[in-house]
Amino acid sequence: MENSINFKQTGYGQWSASTEYYGKKISIHFTDAPTFDLIKSKERGYKKAEKSLRNRIIQANKNVN
C-alpha cells in the first residue's frame with residue numbers, strides 16, 4: 001500500500017517505523033506508544049496520525065542526507 005508505515009519492534013516500547021519514499025525504504029527509531037496504538041487500532045484519527053508520522057520519517061531522513 002502506498003504511503004503505508006511498517007513497524008518492527010526493537011525493544012520494550014520501541015519500534016523501527018519505516019516507509020517507502022521515492023522507491024527508497026527509509027526509517028526512524030520510534031518510541032511514541034500512543035501514536036503506535038492509534039495507528040494499529042485504526043480508530044478515529046489514525047489516518048492523520050499515520051500521515052504525520054510518515055512526514056516525520058521523511059523529514060528525519062532529509063536532515064541526515
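Here is a friendly conversation about the predicted model shown above.

Colleague: Before we start, what pLDDT do local features need in this predicted model?

Modeller: Residues are numbered from 1 along each chain as its sequence is written, and side-chain values use heavy atoms, with hydrogens and water left out. Totals for chains, interfaces and linings use all residues, side-chain atom pairs count only at pLDDT 80 or more, and local features need a pLDDT of at least 70.

Colleague: What radius of gyration does the protein chain have?

Modeller: The radius of gyration is taken over C-alpha atoms, and the globule rule is 2.2 Å times the number of residues to the power 0.38. For 65 residues, a compact globule would come out near 11 Å, and the protein chain agrees with that, having 11 Å.

Colleague: What percentage of the residues in the protein chain are buried?

Modeller: Buried means under 20% relative accessible area, exposed means over 50%, and partly exposed is in between (1.4 Å probe, protein chains only). Of the 65 residues in the protein chain, the buried share is 31%.

Colleague: Which residues is Leu 53 in contact with, leaving aside its neighbours within four places in sequence?

Modeller: Contact means heavy atoms within 4.5 Å. With those sequence neighbours left aside, the partners of Leu 53 are Ile 5, Phe 7, Ala 17, Ile 28, Phe 30 and Ile 39.

Colleague: Is Arg 54 buried or exposed?

Modeller: Arg 54 lies in helix H2. Not counting residues up to four places away in sequence, Arg 54 touches Asn 3, Ile 5, Thr 19, Glu 20 and Tyr 21. Its relative accessible area is 13%, so Arg 54 is buried.

Colleague: And how far apart are the C-alpha atoms of Gln 14 and Asp 32?

Modeller: Gln 14 has its place in strand S2, and it counts as partly exposed because its relative accessibility is 30%. Gln 14 and Asp 32 are 18 residues apart along the chain, and their C-alpha atoms are separated by 7.9 Å.

Colleague: What is the phi of Tyr 22?

Modeller: Most residues other than glycine have a negative phi. Tyr 22 is found in the loop between S2 and S3, and it counts as exposed because its relative accessibility is 78%. Although Tyr 22 is not a glycine, its phi is positive, at about 50°.

Colleague: Where does Lys 42 lie?

Modeller: Lys 42 is a residue other than glycine with a positive phi, near 60°. Its relative accessibility is 51%, so Lys 42 counts as exposed. Its place is the loop between H1 and H2.

Notes
Helix = DSSP H or I, 4+ residues; strand = E, 2+ residues; numbered from the N terminus.
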